[in-house]
Amino acid sequence: MTPVPKGVVVLLPRKKLDEKPLQGERRAEHVVSGVKIGKSEKRSILANGARKVIQDRGRCLSMSDDVRVEVPRLRKNALSLSEIVSSSLANVAPAMCIYFSLSLIVGGAGIAAPLTILLAAIAMGFHANAITEFTKALPSTGSYVTFIGKSFGRRMSVIVALMYVFSYIVAIGSVITMGGYWTADILKNFLSVQVPWWLISVLFVLLVYWLTTSGIKLSVRTIVTVFAFEVGLLLISAIAMLIVAHAYISFAPLNPANLKNGWGGVGLGFPIAIFMFIGVGNSAPLAEETENPRKNVPRAVYASVIVAGLLYTFLGYATIIGLHADEAAIAKASVPFIDAAKVALGGFVILAYLAGFTSTLACLIGATNGQSRVIFSAAREGLLPKWLAGVGRKQTPVAAIRFYLVVACLVTFIWSITAAPLDVYGYLSTLGAIGVILVYITLNFALTVFFKRQRPGEFRVWLHGIVPAVSTLTMLLPLWGLVQPGQPVPFNVFPYVVLIYLVLVIAYALVATKMNPELGKRVGSVVADK
């Protein structure tokens, strides 16, 4: 038997020395992550009815009835406010979102598309309220899974964990696809070098794996650098558009009178605009590694919404002006920002292409950091297989990162066997978005339930009742846009895919929680700043 290692805390029921603590001993050995405890230490603990506490980096306490055990921990106080803001904004992928979404928004809302984007930013501000209020009360790496699980109980914990894993892994497959395709296009157009897009995607993933497993500080600093480069290139391109097309500068793109079909046009462009903000809550899963998470994470979430909203609005405005506010031309263009940049930058249009390259890279790093931590937390608290809670020597969730990237690659490349890269991008982003929006809506309900039932003294009608209700209403519109009948193949099948998966997950949760009464009980047991 080896002695209790640093950081392990075992709390067993008080027993007399002459009693055989067989059941307690076995339980302790089972729960403490496979660590065996020396007999003398067991007898000492049992005799005193006390805790053995030795502090050590990378370990934490988790309560399970009368046994207090060691669980893996991530590096505390590693990230500042500015770093988690940059990580969230990078996860949004401003360049790629404005490149591939603007023409769709203009097609629905007309040249007043920037106004629609502003309205979407306001709607996402309502959604941010749920994330920030939960984080103030219960900062957790588990983010959505922890928040919803603590509100609705064990079965919902399992359901949300599995829905989260499915939706976000499918969605990130679209980024893996676009990263390879966009880079291959740059090499082909500017260097006359042809490289298979899937090979570049693999290299992208390997680079991201190395960065994200080598320490949170390294990966986030890389995000900050790459994201700054991305924004700089976007702003240079946008300003050049306004200079070249200065004769067309007007208030028209922000004038409600120019909405196509009046305010009905907002309804057509609004769902696409909402999707541009998915990822602004990425700072919440970084709570365990953030300085003062109860304050800094909420600040980061709201800052991400505001900065993304202003940046999207400006880039959309510049693109519309750069293309002379020609609604038909913009709506038909596959990438209107690039078309406008070609006119404004001429031979320097590569700057706009490089912005797209940095956008996919930063997004993949940011998404991997955030979403792998949710998977790690769910495994650490017993909702997913415990091997996914493995932590490397740099205190990063290496097992969850590996699982997240490998499965995402498999989904991406299997789908690409029969579809072109741009089609795969559209398929995966749409399929993943259905589940993401469902999680968003569930979080709004969870906020009201959590404060009403568990913290009634802190319940505020506006923050915990009205705002989440408004947020839910704003999310129903993009959800309907994803699941409404009459869509082309295979988009018309996606709602049924998600429905079947959800039914299977619910059935599993009902059976699993009945067979294992402990399943889901530890959700929220690890608080980020404790």
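Modeller: I shall begin with the aromatic residues of this predicted model. Tyr99, Phe100, Trp182, Phe190, Phe337, Tyr353 and Tyr425 are joined into a cluster by ring pairs. In total, the structure holds 22 aromatic pairs.

Colleague: Why is the pair of Tyr99 and Phe337 called stacked?

Modeller: The ring centres of Tyr99 and Phe337 are 5.2 Å apart and their planes stand at 25°. Pairing requires centres within 6.5 Å, and stacking requires planes under 30 degrees apart; the pair is therefore stacked.

Colleague: What makes this pair a tie between parts of the chain?

Modeller: Tyr99 belongs to helix H4 (residues 94-109) and Phe337 to helix H13 (residues 336-345), so the pair ties together parts that are 238 residues apart in sequence. Both Tyr99 and Phe337 are buried.

Colleague: Why is the pair of Phe491 and Phe494 called edge-to-face?

Modeller: Phe491 and Phe494 lie 5.6 Å centre to centre, with 75° between the planes. Because an angle over 60 degrees counts as edge-to-face, that label applies to this pair.

Colleague: How do you know whether Phe494 is buried or exposed?

Modeller: Phe494 has a relative accessible area of 3%, and buried means under 20%, so Phe494 is buried. Phe491, at 22% relative accessibility, counts as partly exposed, because that class lies between the 20% and 50% limits.

Colleague: What makes Glu288 and Arg73 a salt bridge?

Modeller: The closest N and O atoms of Glu288 and Arg73 are 2.7 Å apart; the criterion is within 4 Å, so the pair qualifies. Glu288 lies in the loop between helix H10 (264-275) and helix H11 (293-322), and Arg73 in the loop between strand S2 (67-72) and helix H3 (81-92), so parts that are 215 residues apart in sequence are tied together. Arg73 and Glu288 are also linked with Arg380 in a network of salt bridges.

Colleague: Why does the pair of Lys260 and Glu327 count as a salt bridge?

Modeller: The closest N and O atoms of Lys260 and Glu327 are 3.7 Å apart, and the limit is within 4 Å; the pair therefore counts. Lys260 is partly exposed at 33% relative accessibility, and Glu327 is partly exposed with a relative accessible area of 28%.

Colleague: How do you know that Glu289 and Arg373 are buried?

Modeller: Glu289 has 0% relative accessibility, as has Arg373. Buried means under 20%, so both residues are buried. Glu289 and Arg373 form a salt bridge, with the closest N and O atoms 2.7 Å apart.

Note on methods:
Residues are numbered from 1 along each chain as its sequence is written. This is a predicted model: local features need pLDDT of at least 70, side-chain atom pairs count only at pLDDT 80 or more; totals for chains, interfaces and linings use all residues. Side-chain values use heavy atoms; hydrogens and water are left out. Rings of Phe, Tyr and Trp (its six-membered ring) pair if their centres lie within 6.5 Å; planes under 30 degrees apart count as stacked, over 60 as edge-to-face and the rest as tilted. Helices (H or I, at least four residues) and strands (E, at least two) are DSSP runs, numbered from the N terminus. Buried means under 20% relative accessible area, exposed over 50%, partly exposed in between (1.4 Å probe, protein chains only). A salt bridge is a side-chain nitrogen of Lys or Arg within 4 Å of a carboxyl oxygen of Asp or Glu.
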